[in-house]
Amino acid sequence: MKRSVTLAVAVCLGAGALAGCGESGSGSDEPFKGKSADKIAADAVQATRDATSVRMAGSAEQRDGSTVKVDFSVDERDNCAGTVSGQGAKAEIVQTDQTAYVRGDEAFWKNALKGQPDADKAMGKLQGKWVKTPANEIGLQGMCDKQAFLAAMDGDKSEREGMKKGETTSVDGKDALTLEKKRPGGEKLTLFVATEGEPHILKSVSEGGKAPGEMVFTDYGKKVDAPEPSGDEVVDPEKDLR
């Protein structure tokens, strides 16, 4: 049963994780004067990857038409804390080093354990508890592994080639330059790049296409609070669900 719980969490979270998606301002009215849109985009991706920590919050439409929302803070030392929700279910996740803890609501566990043997018996032990599992077995590598997530953004560099500069706007009170790219089939990608300080990505929006959604990036360089749950709050599948 313990293996079934671990695999069920992997399926439930892994399928719901979002998957796609310096210089200071020059002091003139034109941000990044003299730089092409593609160069600004490349610098923005690099600055975002180099950040020691970041909070990523957003949503994406899945192929079945449902929407998944995520809100994670993660750093380069594998500390991670956040939530994932969708289809009426929600789970909290905390990761420290290579150990992850998942605490889901009733709807989450019903979805995760659907069709598993002894699911009803396990439900009673999981309610209000954190389930302990190796970090690489819960399908969150795309969210709780900062470098893996951001490397995925930068995996296909052609995705951010052929961009055009848009208007200057603001994201959460920070000035940003919009970079836009239209793709075949009516899909459009927009990046919002900070024009002051490091050229971090502040927001990424995908419209049209198969997986429309958006991600907002905040709290760059801030400490990630990922406290390890106490022993009496934890269910260890290796020991408690045999």
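Student: What does helix 2 lie across?
Tutor: Helix 2 (residues 37-50) lies across strand 7, strand 8 (174-182), strand 9 (188-194) and strand 10 (201-207). The helix runs at about 120 degrees to strand 8. Axes are lines fitted to C-alpha atoms, for helices over the stretch in contact (heavy atoms within 4.5 Å). Angles run from 0 to 180 degrees between N-to-C directions.

Student: What kind of model is this?
Tutor: This is a predicted model: local features need pLDDT of at least 70, side-chain atom pairs count only at pLDDT 80 or more, and totals for chains, interfaces and linings use all residues. Residues are numbered from 1 along each chain as its sequence is written, and side-chain values use heavy atoms, leaving out hydrogens and water.

Student: How many helices and strands?
Tutor: The chain has 7 helices and 12 strands. These are DSSP runs: helices are H or I, at least four residues; strands are E, at least two.

Student: And what order do the strands take in the sheet?
Tutor: The open sheet runs 7-8-9-10-11-1-2-3-4-5-6-12, with mixed pairing. Pairing takes at least two DSSP bridges between two strands.

Student: How do strands 1 and 2 pair?
Tutor: Strand 1 (residues 53-61) and strand 2 (residues 67-75) are antiparallel over 9 bridges. Ser 59 stands opposite Lys 69 in strand 2.

Student: New topic. How much of the chain is buried?
Tutor: Of its 242 residues, 44% are buried, meaning under 20% relative accessible area with a 1.4 Å probe, protein chains only.

Technical notes
Buried means under 20% relative accessible area, exposed over 50%, partly exposed in between (1.4 Å probe, protein chains only).
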